Amino acid sequence: MKHYFLFFISNILIENFILVKFLGLCPFLGASSKIETAIGISFSTTFVVVVSSVLLWFVNFFILLPLNLVYLRIIAYMLIISVSVQFLEIILRSTSPILYRLLGIFLPLITTNCTVLAIPLFSLYLNYTLIESILYSISASCGFTLVMIIFSCIRERVVLSDIPRSFQGAPIILITVSLISVGFMGFKGLVRF
């Protein structure tokens, strides 16, 4: 049990996909200007990652490996991720039209988010069991959500701050991201298992 707890915390803080592995930067920078959008895209991404990770694990171990179709892995993964995003879009459109309109163009862009494809691929290449794969997808998504919310809160404060003209816009955003990344790299070595 302690192993799974450390595994979970490690994926959130130490092996964060955005700040350590630098994957998922497009939605991170694009959808983090408002806290509502950041929360919406984070939970949508979490839903797609967890559902697609479970489906991809089953497809890999029960269809692709037995039939020796390993070379079709990425194509099958992209198809399952696209279907998961479309399913999420249908659910959001019918249950929460406000969130659906709030997410706007970012919802279909979840399909092209490299984090959504990277998490199942990493769990596959690291030979995780189904439980470890689910835990990995949930913890990596929690790390994604944590960083999105922290950064969107900081961005909302930065907009209200008096920033020199040469640092306004992209420069202050990149400086902020780098400082947050350095802060998260401080967790390195904290969890060893």
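**A helix residue and its setting**

Author: In this predicted model, Asn60 is found in helix H3. With a relative accessibility of 0%, Asn60 counts as buried. Leaving aside residues up to four places away in sequence, Asn60 touches Leu65, Pro66, Arg73, Tyr77 and Leu124.

Asn60 also belongs to the contact between H3 and H4. Helix H3 spans residues 35-64 and helix H4 residues 73-95; their axes come within 9 Å and cross at roughly 140°. Angles over 145 degrees would count as roughly antiparallel and those of 65 to 115 as roughly perpendicular, so H3 is oblique to H4. The crossing in which H3 passes H4 is right-handed. On the H3 side, the contact is made by Ser44, Phe47, Val48, Val51, Ser52, Leu55, Leu56, Val59, Asn60 and Leu64. H4 contributes Arg73, Ala76, Tyr77, Ile80, Ile81, Ser84, Val85, Phe87, Leu88 and Leu92. Sorted by class, this contact of H3 with H4 holds 15 nonpolar, four polar and one charged residues.

As to covalent links between cysteines, a search of the whole structure finds zero disulfides. The sulfur of Cys153 has its closest cysteine sulfur in Cys142, at 16 Å, which is too far for a bond, since a disulfide requires sulfur atoms within 2.5 Å. Cys153 counts as partly exposed, at 37% relative accessibility. Cys114 is likewise partly exposed, its relative accessible area being 36%.

Conventions. Residues are numbered from 1 along each chain as its sequence is written. This is a predicted model: local features need pLDDT of at least 70, side-chain atom pairs count only at pLDDT 80 or more; totals for chains, interfaces and linings use all residues. Side-chain values use heavy atoms; hydrogens and water are left out. Axes are lines fitted to C-alpha atoms, for helices over the stretch in contact, and angles run from 0 to 180 degrees between N-to-C directions. Helices (H or I, at least four residues) and strands (E, at least two) are DSSP runs, numbered from the N terminus. Angles under 35 degrees count as roughly parallel, over 145 as roughly antiparallel, 65 to 115 as roughly perpendicular and the rest as oblique. A crossing is left-handed if the near helix is turned anticlockwise from the far one by less than a right angle, and right-handed if clockwise. Contact means heavy atoms within 4.5 Å. Ala, Val, Leu, Ile, Met, Phe, Trp, Tyr, Cys and Pro count as nonpolar, Asp, Glu, Lys and Arg as charged, and the others, Gly among them, as polar. Buried means under 20% relative accessible area, exposed over 50%, partly exposed in between (1.4 Å probe, protein chains only).
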